[in-house]
Amino acid sequence: MKKFLLFTFLFAYSFSLPVFSAEEYATSQSISSRGNDYDELIHFIQQVQEEIDRTRYILIEETPDVAEYFFEYIEKMQIELIKVYEIVEIENEQGTFDENVYAEVYLILEDIIHNLRYIMDAAYEAQDQFENQVEENQMKYQEDREKIDKLYFMFEDALIEIKENYENFDYLPFAEEIEYFLRYLRDNVEIEWEKVNVEGGEYQTQITDEDFDKFEYLIHEMFMAAEDAGVDAILDTVKTPAKIYSLDGNYLKTLNKGINILIYPDGTKKKIMVK
């Protein structure tokens, strides 16, 4: 984003200089009204120097996030101003300072002033775009974090249901796989966020619909395994006589839909979920 703005500035800067000649400028009303005066020109050079210093200060204070990308062009103008000052001094010492020199130097100085103002306009625009990008990145990052939180809540709800309805099911291998997947998603989010903060640019959304689909698939696999484990437990009940009770303690002749409590001859108890 910053590089694009910089290229835009360079392109515009190359077309910003006036196309009329120094002679035409010397004969214009603006020049004739100023007069052909060495001291006046030196004073103007000092004013341009103050404008360069002021522009540096404003860049740092008001456009801090993009200022460094414009300093190079400020320095070029600084060098140009020094060369102009040296030319004026040499021409004055040699006695060759005339109307044409005055007009040409004045033109260069006004070009510097013009482009300093253009730099500030470009810097303000770049700063606004930078701040908008930062705000958009923060919003996308927060959305990804909220998606991660939602997946963790769904995972916790699934584990609660598994523990309540499939008491003897070994869910840990499935839970570890799901936790690994969630950590992978969370790490991707943090890596992308750190990259944007270091390198700049646009935050790329990390949590997609495909990730939700995979999460739901993993949860489904866990419940299917729990169902299969429940069927095995029912078969064990047929092989090993046990008394069947409902949750409220009523004796049942056969397994009913819902949660059944089995009490074996040795006193052990087991909950069975029948759907």
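**Reading the calls in a predicted model**

S246 is found in the loop between β1 and β2. The model is predicted.

Biologist: Why is S246 called buried?

Modeller: Its relative accessible area is 15%. Buried means under 20%, so S246 is buried.

Biologist: Which residues is S246 in contact with, leaving aside neighbours within four places in sequence?

Modeller: L252 and I261. I261 also stands opposite Y245, in β3.

Biologist: What makes β1 and β3 a pair?

Modeller: Pairing needs at least two bridges. β1 (residues 243-245) and β3 (residues 258-263) are joined by 3 bridges, so they pair. The two strands run antiparallel.

Biologist: What is the strand order in the sheet?

Modeller: The order is β2-β1-β3-β4, in an open sheet with antiparallel pairing. β2 (251-252) and β4 (269-274) are called edge strands because each pairs on one side only.

Biologist: Now the helices. How do you know that the span of α6 agrees with its number of residues?

Modeller: Helix α6 (residues 99-165) has 67 residues. At 1.5 Å a residue, they should span 99 Å. The end C-alpha atoms are 99 Å apart, so the span agrees.

Biologist: What makes the D98 and N100 pair a polar contact?

Modeller: The cut-off is 3.5 Å between N or O atoms. At the start of α6, a side-chain oxygen of D98 comes within 3.2 Å of the backbone nitrogen of N100.

Biologist: And how far does α5 reach?

Modeller: Helix α5 (residues 68-94) reaches 40 Å from its first C-alpha to its last, close to the expected 39 Å. Its buried residues include F70, Y73, I74 and M77. G95 follows α5, with a positive phi near 75°.

Notes
Residues are numbered from 1 along each chain as its sequence is written. This is a predicted model: local features need pLDDT of at least 70, side-chain atom pairs count only at pLDDT 80 or more; totals for chains, interfaces and linings use all residues. Side-chain values use heavy atoms; hydrogens and water are left out. Helices (H or I, at least four residues) and strands (E, at least two) are DSSP runs, numbered from the N terminus. The expected span of a helix is 1.5 Å times one less than its number of residues. Buried means under 20% relative accessible area, exposed over 50%, partly exposed in between (1.4 Å probe, protein chains only). A polar contact is a pair of N or O atoms within 3.5 Å; within protein, one must be able to donate a hydrogen and the other to accept it, and residues adjacent in sequence count only if both atoms are side-chain atoms. Contact means heavy atoms within 4.5 Å.
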